[in-house]
Amino acid sequence: MNVASIPIARLRPLALVTVLSLAGCWIPSKVQHPALRDDVPLAGLPTTANAGWPAAEWWRVYNDPQLDQVMALVMQQSPDLAQARTRVKTAEQSVRVTAAQAGLSIKGNGQLTRQRMSDHGLIPPSLLGFNWYNQADLSLQLEYDFDWWGKKRSSIEAALDQAHAAEAERSAAMLSIQNAVADAYFGLLADENRLALTQQAVGVQQRLEHIAELRVRQGVDLPDTVQQVRAQLANTQQIQATLEGSIQLRKVVLAALVNVSPAELPPLQARALPELEGAIPDNAHLDLIARRPDIAASRWQVEAALKQTDVARADYFPDFSINAMAGLSSTDQGAPHFAGVSSGSKGDLGNLFSLGSRVFGITPAVHLPIFEGGRLKASYGASRAQLDAAIADYNVTVTNAARDVATQAVTAQQIAARREKQDAQVKADAALLANAQARATHGTKDARESLNAQAQWLQQRDQAINLHAQAVSTDLALIKALGGGYRSDLDTKTAPSAAAPSPTSNPAGAP
């Protein structure tokens, strides 16, 4: 309904009176900020006081130029990262669209109409003296919606929160891809190191086979001795073939992550696996909320859902707007006049720009929801359900983060203990090998003892490299569980009843 006769200064009192008149109607109360958990349950895990959080480019701690080169290619060419960036851009454009719908709107209109009047109409043309007439209008129209209930402001803030969530999700995707690349790269190095040891083991078994064949031909040993040595040689060669296939497969996986063909990968030379210094900071139970991009994204989803409840609640209140129009309008009989050429009619549109053709108008308006068939209540209920779902998702994300960190920390601790025992066994086998070689040199024992000792030593070294590779993979998983260099600054804009402030996304190392 339009209330053009009411002065603009009296619109706000009118709004208050209108709202009071709806006192008998059910209007939901404003939803307070939910109490969200501000720490991660990590009690009982081993922490280190001087342990630092992963840096933005966390992979540089391994001091591997080849890995740095591969990571640079990933940041430039990964299709998954490109897809995540498009989601961020889409969310940013949604913010602009939402913001553009609020505030003042100005439109320009221009219209030229030529129309013939019916001979049998309400006013016969015979009384007017003409059948054809021309109508020309030029105007500017201004429209402004008063956001007294915060509906548009909440919509803009919800769109901003969604954009922040998309940015955090992009950081999470980037971390996952970087972690997968590092894991595939170090897996490749581990296989190459194990392959070098296996090739030595094949050579040792071949020498043992040759000695066994000589002893059987000389009648010293039974023929079964040769078959036993050949079975061991075949087993070692099978391990060699498995490792060669694994190396090729890891190169294919690495190339797919980088978005190139295996032949286009940079030359990767065999290197020793890096030494590890990973640990959990002693303040992880508090700071992990701000360090995990998936937690930050869930937190922003809660903020966006909370703003949407404000939008749904504002629909219960009346909308107030004001429209203003200023322009020129002229109606003339006869044919239109174009570029100074007249068709010989009785008149033209030259009066359009005369002072008397001015038109003005102003229209204050109020739109009051009276009967919506349950739409308002259903919309508000849906927004509350989305808020509850976002809160539940946030709590699950925090719990999963705690489980992730705990799992990797305990696994790393177990592997470290196993590596310590394995290193002791390697040293013991190395001492046995040295003694056997000394006896062979002095002629007190034949070469079989030293060759068997060397085979045992190579096998223990292979197990040590395998454990080292598991430790590196667990270290990578722990870096990812700790956020991989992500950092979100916390903002205290939440309500006093909230248990924790809302995050402001600021991903470290973002391109």
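Guide: First, a term: helices (H or I, at least four residues) and strands (E, at least two) are DSSP runs, numbered from the N terminus. This is a predicted model, in which local features need pLDDT of at least 70, side-chain atom pairs count only at pLDDT 80 or more, and totals for chains, interfaces and linings use all residues. Residues are numbered from 1 along each chain as its sequence is written, and side-chain values use heavy atoms, with hydrogens and water left out.

Visitor: In which helix does His468 lie, and is His468 buried or exposed?

Guide: His468 belongs to helix 10. Buried means under 20% relative accessible area, exposed over 50%, and partly exposed in between (1.4 Å probe, protein chains only). With a relative accessibility of 10%, His468 counts as buried.

Visitor: Which residues is His468 in contact with, leaving aside its neighbours within four places in sequence?

Guide: Contact here means heavy atoms within 4.5 Å. Once those sequence neighbours are set aside, the partners of His468 are Leu273, Pro274, Glu275 and Arg419.

Visitor: How many helices and strands are there in the protein, and what percentage of its residues is buried?

Guide: The protein has ten helices and six strands. It runs to 511 residues, and the buried share is 39%.

Visitor: What span should helix 9 have, and how far apart are its end C-alpha atoms?

Guide: The expected span of a helix is 1.5 Å times one less than its number of residues. Helix 9 has 68 residues, so it should span 100 Å. That agrees with the distance between its end C-alpha atoms, 98 Å.

Visitor: How far does helix 10 reach from its first C-alpha to its last?

Guide: Helix 10 covers residues 447–481, which is 35 residues. At 1.5 Å a residue, 51 Å is expected, and the helix comes close to that with a reach of 51 Å.

Visitor: Which residue caps the N-terminal end of helix 10?

Guide: Look at the backbone nitrogen of Arg448, which has a side-chain oxygen 3.1 Å away. A polar contact is a pair of N or O atoms within 3.5 Å; within protein, one must be able to donate a hydrogen and the other to accept it, and residues adjacent in sequence count only if both atoms are side-chain atoms. The oxygen belongs to the capping residue, Asp446.

Visitor: Is Arg448 buried, exposed or partly exposed?

Guide: Arg448 sits in helix 10 and touches Leu208, Ile211, Arg215 and Asp221, not counting residues up to four places away in sequence. Its relative accessible area is 30%, so Arg448 is partly exposed.

Visitor: Why is the pair of Tyr62 and Phe186 edge-to-face?

Guide: Rings of Phe, Tyr and Trp (its six-membered ring) pair if their centres lie within 6.5 Å; planes under 30 degrees apart count as stacked, over 60 as edge-to-face and the rest as tilted. The structure holds five aromatic pairs. In this one the ring centres are 5.1 Å apart, and the pair is edge-to-face because the planes stand at 70°.

Visitor: How many residues apart are Tyr62 and Phe186, and are they buried or exposed?

Guide: Tyr62 is in the loop between helix 1 and helix 2, while Phe186 is in helix 5. The pair links parts of the chain 124 residues apart. As for cover, Tyr62 and Phe186 are both buried.

Visitor: What is the phi of Asn63, and where is its place?

Guide: Most residues other than glycine have a negative phi. Asn63 lies in the loop between helix 1 and helix 2, and at 61% relative accessibility it counts as exposed. Its phi is positive, near 55°.
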